[in-house]
Amino acid sequence: VFKNDQNLSEYRWNALETKWVNAYGVIAVALDRSSFSQDAKSYAQVGDLDPFSKGNIRGLRLGAVGTINFERPWTWVIAGASRAWDQGFDTTTDETFTIYDLAMTFPAWGEYGRFHIGKMKEPISSGRTNGLTFQQAMERPMHLDAFLPARNTGVALSDMILNEKMTWHVGVFNNC
């Protein structure tokens, strides 16, 4: 659907663009599919795996991102997901919808200095802050999900240094 350069200017069906506010709708559906093919040796060793060949919906995410068009624009994001499907083992909540991101970012200094406030990804590692579609490996490393929070409420600062070759991002977050 999108061009190789990811220039979305020709695809404005999900956009609201005004003098004061720009908004873009976002939707993502995560699907899982398991399929097994067996020969006689595999069938003899582990039995019939056909009951494990299945597909399911892992999640449905909806949201919007945009700008408030001041002289130096502020950016905002609101995103949530349905949790009505499989939530893993030992789940203690029966939420069917959760807010993942609810944050505002505005210029602090210079061209790239930014102040962030709200519920957002904590700046812990690129494996945690990158979206899954931008991961360098097929999946996120297990220890990141096991030991690090995905998102929390807090404030953060970020900027670019070394002639825009490096970024830094620091923040203080609450566990909520």
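The legends below describe close-up views of one predicted model. In this predicted model, local features need pLDDT of at least 70 and side-chain atom pairs count only at pLDDT 80 or more, whereas totals for chains, interfaces and linings use all residues. Residues are numbered from 1 along each chain as its sequence is written, and side-chain values use heavy atoms, with hydrogens and water left out.

**View 1. The open sheet of eight strands.** The strands follow the order S1-S2-S3-S4-S5-S6-S7-S8 with antiparallel pairing, where strands are DSSP runs of E of at least two residues, numbered from the N terminus, and two strands pair if DSSP finds at least two bridges between them. Strand S1 (15-17) and strand S8 (166-174) each have a single partner strand, so one side of each is left without a neighbour in the sheet. On average, neighbouring strands of this sheet are turned by 15° against each other, direction ignored, the axes being lines fitted to C-alpha atoms.

**View 2. Strands S6 and S7.** Eight bridges join S6 to strand S7 (residues 151-161), and the two run antiparallel. Gly118 stands opposite Gly154 in S7.

View 3. Lys119 belongs to strand S6 (residues 113-121) and is partly exposed, with a relative accessible area of 23%; buried means under 20%, exposed over 50%, and partly exposed in between (1.4 Å probe, protein chains only). Leaving aside residues up to four places away in sequence, Lys119 touches Ile99, Tyr100, Asp101, Leu102, Ala103, Arg151, Asn152 and Thr153, contact meaning heavy atoms within 4.5 Å. A polar atom of the Lys119 side chain lies 2.8 Å from the backbone oxygen of Ile99.

**View 4. The surroundings of Thr67.** Thr67, in strand S3 (residues 54-68), counts as buried at 18% relative accessibility. Its side chain makes a polar contact with the side chain of Asn69 (2.7 Å), a polar contact being a pair of N or O atoms within 3.5 Å, of which, within protein, one must be able to donate a hydrogen and the other to accept it, while residues adjacent in sequence count only if both atoms are side-chain atoms.

**View 5. The aromatic cluster.** Phe70, Trp74, Phe106 and Phe115 form one aromatic cluster, and the structure holds four aromatic pairs. The rings of Phe70 and Trp74 have their centres 5.0 Å apart and their planes at 65°, so the pair is edge-to-face; rings of Phe, Tyr and Trp (its six-membered ring) pair if their centres lie within 6.5 Å, and planes under 30 degrees apart count as stacked, over 60 as edge-to-face and the rest as tilted. Phe70 is partly exposed at 43% relative accessible area, and Trp74 is partly exposed at 30%.

Definitions and conventions: Helices (H or I, at least four residues) and strands (E, at least two) are DSSP runs, numbered from the N terminus. Axes are lines fitted to C-alpha atoms, for helices over the stretch in contact, and angles run from 0 to 180 degrees between N-to-C directions.
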